[in-house]
Amino acid sequence: MASGREKAYAYLKDTVLTDPEMQGAFLSEQELADRIGVSRTPIREALLLLAAEDLVELVPKRGARVTPLTGREVRELMELRGVVERYAAQQLVAAERVPLEELRSLLERQRALTGAEDTREFIAVDHRFHASLVSAVGNALLDRHYDSLRSRQVRAGVVAVYNQQGRQEAVLDEHEAILDALAGGDAQAVCAAIDHHLESTLTVLLAG
C-alpha cells in the first residue's frame, strides 16, 4: 500500500502539475490534504520532493508555487528527447526489434481520446508511445533517464494541446509518420519524423 507521501507525490505530479490552469499558481496544503485524504505532513513531504526536481518553488511565507515551464526549459526538453528517441529508433531499426504492434495499439488508443475531456489521458498515452520506443532498446539506465522527463513531457504536451486547436489531430498524424518510417525500416526517415514531431510541439509551446 502506498504511503501518504507517495499518494500525495503521485497526485501532485500526475494531476495538479499537468493542469494548464495551475501553471504559476500557489498550492493550498490543506485543500490538497482534504482532496487526497491525507494529513498536511505528507503534502509537505511531497512538495519537498517536487521542489528538489524543480517542479515546484517553495516561496517563504507564501508556500509552494507550481513552476511554469520556461521557453528555455521547453527547448532543452525537446532537445534531450530528440537525442534519446533518435538513438532508440536507430538501435531498434538496425536490430530489427521495433515494437510495431505495441506502438500501433497505443496509436489506436490515442485515436479514441480526441475529446477535450480526454486531453490528459491522450497525452499520457502519447508519453507511453514514445517511452515504449525507448524501453524496447533494453537499456535500464536509458529507461530511467527518459522516465525522469515524464512529468515535464506530460505537462508540455497538455499545454500544447490547450494552446492550439487541432493539435491532437496533428499529433496523431505525426505519430503515424513515425510509425510508418519504423515499419519501413528507414532509420533516417524515423529520425526526421521524430524531429518534425518535437519541433512542431516546441513551436506550439513557444507561441502560446
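A cavity here is a set of grid points where a 1.4 Å probe fits but cannot get out. In this predicted model, counting those of 30 Å³ or more turns up one cavity. The largest cavity has a volume of about 120 Å³.

So what surrounds that space? The lining of the largest cavity is made up of 15 residues. Lying nearest the centre are Arg81, Ile123, Asp126, Gly157 and Thr201. H8 gives the largest share, with six residues.

Now for a pair of helices elsewhere in the numbering. Two packed helices are described by the angle between their axes and the distance between the axes. For helix H2 (residues 29–36) and helix H3 (residues 40–52), the axes come within 9 Å and cross at roughly 110°. Since angles of 65 to 115 degrees count as roughly perpendicular, H2 is roughly perpendicular to H3. As for handedness, the crossing of H2 and H3 is right-handed.

Which residues actually make the contact? On the H2 side they are Glu29, Gln30, Leu32, Ala33 and Ile36, while H3 brings Arg40, Ile43, Arg44 and Leu47. Split by class, the residues of this H2–H3 contact come out as five nonpolar, one polar and three charged.

Technical notes:
Residues numbered from 1 in each chain as written. Predicted model: local features only at pLDDT ≥ 70, side-chain atom pairs only at ≥ 80, totals over all residues. Heavy atoms only, no water. Axes fitted to C-alpha atoms, helices over the stretch in contact; angles between N-to-C directions. Helix = DSSP H or I, 4+ residues; strand = E, 2+ residues; numbered from the N terminus. Parallel < 35°, antiparallel > 145°, perpendicular 65-115°, else oblique. Left-handed = near helix turned anticlockwise from the far one by under 90°. Contact = heavy atoms within 4.5 Å. Nonpolar A, V, L, I, M, F, W, Y, C, P; charged D, E, K, R; others polar. 1 Å grid on protein atoms, 1.4 Å probe; cavity = no way out; pocket = protein on both sides within 12 Å on 5 of 7 lines; lining within 4 Å. Points joined across faces, edges and corners; volume = space filled by probe spheres on them.
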